[in-house]
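Colleague: Hi! Could you walk me through this protein? I'm new to reading structures.

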Amino acid sequence: MLKELIDQFFLDRERDKEQHHFYITDAGKCQRAIFFKFKNVPREKMTADVLRMLDHGDYVQMHILNCLFSLGVVRASEVKIPPQEIISGRADAIITLNNELYVVDFKSMNSYKFKTLESPPEDNVNQIQLYLHYFGIPKGILLYIDKNTLSLKEFFIEYSRSLSKNLLKSLDDLKKKIDSNIVPSRTLDYPNNYQCKFCAFKEICHLAEEKEINWEEFKKKVQK
């Protein structure tokens, strides 16, 4: 009985909400999945176990942030980017090391992923690139935390103006498709892209086939 109560607590906190603006975490990710989020398409529900693990990851990151505060290197935490028309985001911390500013983004993961991590995933790099862009800070650190052992790995990232501009242009192009009801094409490496494996929109993506399609016409076919 207690298990069911706890499970329901986490499930009740999870609500599908129609998305009206981009988050920095959307940068470089599958455009079709983001489109479906904007259109509030029904998706596979996360289990209570997964929601608890995500919640646990937040606590692990708070523990590391407290350590940085104790070291006196934190200049700001949970820092929102300057207001933008279509994108929002919040960096975990801005710190000073050797008289230089760094944007720090925490990422927690299980031991298996942590042990095999040799370089930061592309979407993590994209995310911190946009933080560097909006804050005008040339250097960043991706800090990975093993949720099981609390071991750490860090990767230093330098700002790339060209990459940031390309990411923002991609989001701008996607916004135009969302506004004009054009479902983006699948990723070029579908279904082998790692995002496909964990995507909550796998079923509807399969029905939508490969190329761009009109959203309203596709809905009519699905509803028949």
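Modeller: Happy to; we'll start with the overall picture and then look at single residues. Keep in mind that this is a predicted model.

Colleague: How many helices and strands are there in the protein?

Modeller: The protein has nine helices and nine strands. It is built from 224 residues, and 41% of them count as buried.

Colleague: And what about the accessible surface of the protein?

Modeller: That comes to about 13900 Å², with 53% of it belonging to carbon and sulfur atoms. As for contacts with a separation of 6 or more, 67% are between residues 24 or more positions apart.

Colleague: Which residues make the nonpolar surface patch?

Modeller: Met1, Leu2 and Leu5 do, and the patch covers about 420 Å². Leu5 belongs to helix α1, residues 2-13.

Colleague: Is Leu5 buried or exposed?

Modeller: Exposed, because its relative accessible area is 58% and the cut-off for exposed is over 50%.

Colleague: Let's switch to helix α2. How many of its residues are buried?

Modeller: Seven of the eight, so α2 is largely enclosed by the rest of the structure. The buried ones are Gln31, Arg32, Ala33, Ile34, Phe35, Phe36 and Phe38. Just after α2 you'll find Asn40, which has a positive phi of about 55 degrees.

Colleague: I see some Phe residues in that list. How many aromatic pairs does a search of the whole structure find?

Modeller: The search finds nine aromatic pairs. One of them joins Phe36 and Trp215: their ring centres are 6.1 Å apart and their planes are at 50 degrees, so the pair is tilted.

Colleague: Which pair is stacked, then?

Modeller: Tyr131 and Phe135 form a stacked pair, with 6.3 Å centre to centre and 15 degrees between the planes. Both residues lie in helix α5 (residues 122-135), four residues apart, which is about one turn of the helix. Tyr131 has a relative accessible area of 3%, so this residue is buried.

Colleague: Which residues form the aromatic cluster?

Modeller: Phe35, Phe36, Phe201, Trp215 and Phe218 form one cluster.

Colleague: What about charges over rings?

Modeller: Here are two examples. Lys113 lies over the face of Phe198, 5.4 Å from the ring centre. The charged end of Arg186 sits over the ring of Tyr190, at 4.1 Å from its centre.

Colleague: One more residue: where is Tyr144 found?

Modeller: Tyr144 is in strand β6, residues 139-146. Its relative accessibility is 0%, so Tyr144 counts as buried.

Colleague: Which residues is Tyr144 in contact with, leaving aside its neighbours within four places in sequence?

Modeller: Among them are Lys107, Met109, Phe114 and Leu117, as well as Pro120, Pro121 and Asn124. Ser151, Leu152, Lys153 and Phe155 are also in contact with Tyr144.

Colleague: And how are the C-alpha atoms of Tyr144 and Phe106 placed; what separates them?

Modeller: Those C-alpha atoms are separated by 6.0 Å, although Tyr144 and Phe106 are 38 residues apart along the chain.

Colleague: Thanks, that helps me find my way around!

Key
Residues numbered from 1 in each chain as written. Predicted model: local features only at pLDDT ≥ 70, side-chain atom pairs only at ≥ 80, totals over all residues. Heavy atoms only, no water. Patch = residues over 30% accessible without salt bridge, like charges linked within 9 Å, V, L, I, M, F, W, Y side chains within 5 Å. Areas by Shrake-Rupley, 256 points an atom, 1.4 Å probe, with all protein chains shown as cover. Salt bridge = Lys/Arg side-chain N within 4 Å of Asp/Glu carboxyl O. Helix = DSSP H or I, 4+ residues; strand = E, 2+ residues; numbered from the N terminus. Buried < 20%, exposed > 50% of the residue type's maximum accessible area, 1.4 Å probe, protein only. Phe/Tyr/Trp six-rings, centres within 6.5 Å; stacked < 30°, edge-to-face > 60°. Lys NZ or Arg CZ within 6 Å of the ring centre and 35° of its normal. Contact = heavy atoms within 4.5 Å.
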